[in-house]
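Have a look at the structure and then read on.

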Amino acid sequence: MSDSIIDPTTPRKAPKPEVTKIQGRPLKPSTLMMGHGYDPVLSEGSLKPPIFLTSTFAFESAAAGKRHFEGITGKRPGGADGLVYSRFNGPNQEILEDRLGIWDGAEDALSFSSGMTAITVLMLAYASQNDVIVHSGPLYAASEGFVAKVLAKFGVQYVDFPAGATREQIDAVLGKAKAMAAESGGKVCMVYLESPGNPTNALVDIEAVRDARDAALGPDCPIAIDNTFLGPLWQRPLDQGADIVVYSLTKYVGGHSDLVAGSIAGARKWMDPVRSLRNTMGGICDPNTAWMLLRSLETVELRMQRAGENAAKVCEYLSKHPKVERLGYLGMIDDARQQDIYDRHCLGAGSTFSVFIKGGEAECFRFLDNLTIAKLAVSLGGTETLASHPASMTHLSVAEGRRAELGISDNLVRISVGIEDADDLIADFEQALEHV
Ligand SMILES: Cc1ncc(COP(=O)(O)O)c(C=O)c1O
């Protein structure tokens, strides 16, 4: 034996092929969340993936290094087929991306350091100078601001339509966008949706948007949708014709209000330009956060089911309270068109809704200041119940006229119900309403 070679005492084992079907029956996402994309054999038998804290990965040969870089630089589509450098990819992020894709039925997914990183890198990857973005309204304020203020600096224009728009209204807006693009010498580069809209819960008719896009623009202009409020359990927009689904994983997917992350998912051809820009700019989710998200994904179905059941009970109580004017809750829609969209698109009413308190800001503040279980905080989708006043908090930067147009009134309180005991939550809302 040559004295320059150390013989390993235990020979390395090859990973096992993964089981995704039993007797032809595909396994459900909740089952796959426990192991998909990870083989303990590759990590010393560790049942759970270790956190891979490394900035770079050793190539098995120079030729392998070359092949990996062909993927990274886009010379070959689909990204690297091995691990290269931690700005591009890493084991924790790759397992996370595999598992995220499962929930939405997507071929590929990309993880980011925040929802806003996902949204801004996505838009930057598709928009060029003189292009036009069409979007639904309202959008999360930072998304709307990025389109209107940041992309505008690079000559990208936008036109929007209200979330509840009909096919005819959507056709008209796409026609206007096409005319704007023709005038400036660009193209309509993306239709960007958020449904339900925050904080009004107005739903976008994704099927109508897809038909309108196909008729006016053809299939090369992607439809992206922010599914943070209902995904991944209660709405699967790729099934209704969206091409790219976007998440703030900070919310329901992370689910414990202890991390910030984002993702996009869809067919590989839509992911490739975004992956390439992420490789250049950075913005991938870090390994520790990816690991926490893997843990969160094991319980996402359980948590969302319980939060949804709690919200239904709380809304049933609030809807009958004399100090409550009305609710913006998807389980109690009073508009036939919105109900039709809900029936075609949604699998559950979610746990984030608005309560319109009789009165205005003063009454809302008295209600909020007297809550004892629910915490006064922005964000949503955590295990704990949160309450906020959008007009004076998350949407304060939105111009007053636009706020009124979007239905964000001074008497609106947004609530994200968690997984506490429903009767305890109802008791808390009851005593807080006594102070109104
Ligand atoms: C609907 C929606 N999209 C995107 C974001 C941005 O996500 P993040 O805070 O993870 O950047 C948020 C955050 O509140 C949101 O509510």
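1. A polar side-chain atom of Lys251 sits 2.6 Å from an oxygen atom of the ligand. Overall, the protein covers 89% of the 390 Å² of accessible area that the ligand has on its own. Keep in mind that this is a predicted model.

2. The shell around the ligand has 13 residues, with Asp226 and Thr250 among the closest. Five of the shell residues are nonpolar, five polar and three charged. Helix α4 (residues 115–126) gives the largest share, three residues.

3. On to salt bridges: the count is 21. One of them pairs Glu298 with Lys48 at 2.5 Å, N to O. Glu298 is in helix α9 and Lys48 in the loop between α1 and α2, 250 residues apart. Glu298 is partly exposed at 24% relative accessible area, and Lys48 is partly exposed at 35%.

4. Arg344 and Asp205 form another salt bridge, at 2.8 Å. Arg344 lies in helix α10 and Asp205 in the loop between β6 and α7, so the pair ties together parts 139 residues apart in sequence. Asp205 is buried at 5% relative accessibility, whereas Arg344 is partly exposed at 31%.

5. Finally, check the salt-bridge network that links Glu107, Asp108, Arg268, Asp272 and Arg275. Within it, the closest N and O atoms of Asp108 and Arg268 are 3.4 Å apart.

Note on methods: Residues are numbered from 1 along each chain as its sequence is written. This is a predicted model: local features need pLDDT of at least 70, side-chain atom pairs count only at pLDDT 80 or more; totals for chains, interfaces and linings use all residues. Side-chain values use heavy atoms; hydrogens and water are left out. A residue is near a molecule or strand if one of its heavy atoms lies within 4 Å of it. A polar contact is a pair of N or O atoms within 3.5 Å; within protein, one must be able to donate a hydrogen and the other to accept it, and residues adjacent in sequence count only if both atoms are side-chain atoms. Accessible areas come from the Shrake-Rupley method with a 1.4 Å probe; for residues, only the protein chains shown count as cover. Helices (H or I, at least four residues) and strands (E, at least two) are DSSP runs, numbered from the N terminus. Ala, Val, Leu, Ile, Met, Phe, Trp, Tyr, Cys and Pro count as nonpolar, Asp, Glu, Lys and Arg as charged, and the others, Gly among them, as polar. A salt bridge is a side-chain nitrogen of Lys or Arg within 4 Å of a carboxyl oxygen of Asp or Glu. Buried means under 20% relative accessible area, exposed over 50%, partly exposed in between (1.4 Å probe, protein chains only).
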